[in-house]
Structure formats: structure tokens, C-alpha cells
Amino acid sequence: MSSTTDVISHWSTLIENFNISPQGFYSEVTKAIERRQLPKARIDRISFKESHLLSAKREYLRVSCRDFYFAICGAPFGTGFFVSYWLLEQPAGCLAVMFPRLAMFSRPWTYYRIDTASMFQTATHSAVLEVIDTITSSQGLRALPEAERKPVMKAFLQ
């Protein structure tokens, strides 16, 4: 996974008695994102180590668009189902990795780039919420309260 310095926003919730498999959740989120026809978006599954080199892997849904990607997690946890996502910057090229200050000049935070990240987040976030709302409604569960529906954004211009 990327470092936490690459994180643009994060969101998570635990939904009690939410009954779906991670694969079923990812399939529904994929359909919801595809309906939105996001330009240049790619969707695939990736695995991240849970901790150290020999630890188990956890599958995530990755949604990529231009310089950004989401790592979306859906997993049973106790009597509930945990959903989270991380909006991250795509890894920089070789030169930017070797010379981190170079990335600041190659991909500066312009209004256009901030708006692109915001549009991508808004569309993907609404797709995830649409799936959660559809499933909670069909299972007779309470809807997520407004306070649990908001992502935490990183400050862009510091």
C-alpha cells in the first residue's frame, strides 16, 4: 500500500447485520461505478498484506482514474460488515521516487488537479453509498446517518 502521505481522503463505517460477501459487495460497487461512466476509469482487484511479509493478504477493489485511485475494502467484522476506502495518489515515476521533490514540480496541486480528485471522489463515494443504501434498504436495516456518510479530506494547500 502507499504511504499515508499519499492519502487524499479516507472513509469508513461498520454496518451491523449487513449481509453480503466481500466479493458480492465489490461486484455491486463495480456496477455502480460503471453506470457513472467515469472517464478513463479502470476497476480491478488487488491484494495488500495485512501486516508483515508473511501475513495473510486482504483483497481490495481498486478504482483508478488519472493520477488517483481508490482502495475500497468490504469485509465482515464481528456481527457487522466493515466498509472503508482510501483515496490515494498513483505512485510517482522512477525519477520522482529517487528525487521526491521532483514530484512536487511534475504533479503540482493545481485547481484543475484538486477538482479532478474531488470529482473522482464524489462519484466513487456516491457509488459506494448507493450500494450500501440499496442493501440496507433491502435487508430492512437502518440507513447510515448523515454523520457516517462523510469522508475525511486531507488539506490540499498547506
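Tutor: Start with the rings. Rings of Phe, Tyr and Trp pair if their centres lie within 6.5 Å; planes over 60 degrees apart count as edge-to-face. The model here is predicted, and it holds eight aromatic pairs.

Student: What are the distance and the angle between the planes for Phe70 and Tyr85?

Tutor: Their centres are 4.8 Å apart and the planes stand at 85 degrees, an edge-to-face pair. The pair joins distant parts of the chain, since Phe70 lies in strand E4 (residues 68-77) and Tyr85 in strand E5, 15 residues apart. Phe70 and Tyr85 are both buried.

Student: Why is the pair of Phe70 and Phe120 called edge-to-face?

Tutor: Look at the angle again. The planes of Phe70 and Phe120 are at 65 degrees, with the ring centres 5.0 Å apart, so this pair is edge-to-face. Here strand E4, which holds Phe70, is linked to helix H4 (residues 111-138), which holds Phe120, and the two residues are 50 apart in the chain. Phe120 is buried, as is Phe70.

Student: Which residues do ring pairs link into a cluster?

Tutor: The cluster consists of Trp11, Phe70, Tyr85 and Phe120.

Student: Leaving aside neighbours within four places in sequence, which residues is Phe25 in contact with?

Tutor: Among them are Phe18, Ile20, Ile72, Phe81, Val128 and Ile132.

Student: Now a charged residue. Is Glu89 buried or exposed?

Tutor: Compare its relative accessibility with the cut-off: buried means under 20%. Glu89 has 11%, so it counts as buried. Glu89 belongs to strand E5 (residues 80-89).

Student: With which side chain does the side chain of Glu89 make a polar contact?

Tutor: With that of Arg113, at 2.8 Å.

Student: Over which ring does the charged end of Arg113 sit?

Tutor: Over the ring of Trp109, 4.2 Å from the ring centre.

Terms used. Residues are numbered from 1 along each chain as its sequence is written. This is a predicted model: local features need pLDDT of at least 70, side-chain atom pairs count only at pLDDT 80 or more; totals for chains, interfaces and linings use all residues. Side-chain values use heavy atoms; hydrogens and water are left out. Helices (H or I, at least four residues) and strands (E, at least two) are DSSP runs, numbered from the N terminus. Buried means under 20% relative accessible area, exposed over 50%, partly exposed in between (1.4 Å probe, protein chains only). A polar contact is a pair of N or O atoms within 3.5 Å; within protein, one must be able to donate a hydrogen and the other to accept it, and residues adjacent in sequence count only if both atoms are side-chain atoms. Rings of Phe, Tyr and Trp (its six-membered ring) pair if their centres lie within 6.5 Å; planes under 30 degrees apart count as stacked, over 60 as edge-to-face and the rest as tilted. A charge sits over a ring if NZ of Lys or CZ of Arg is within 6 Å of the ring centre and within 35 degrees of the ring normal. Contact means heavy atoms within 4.5 Å.
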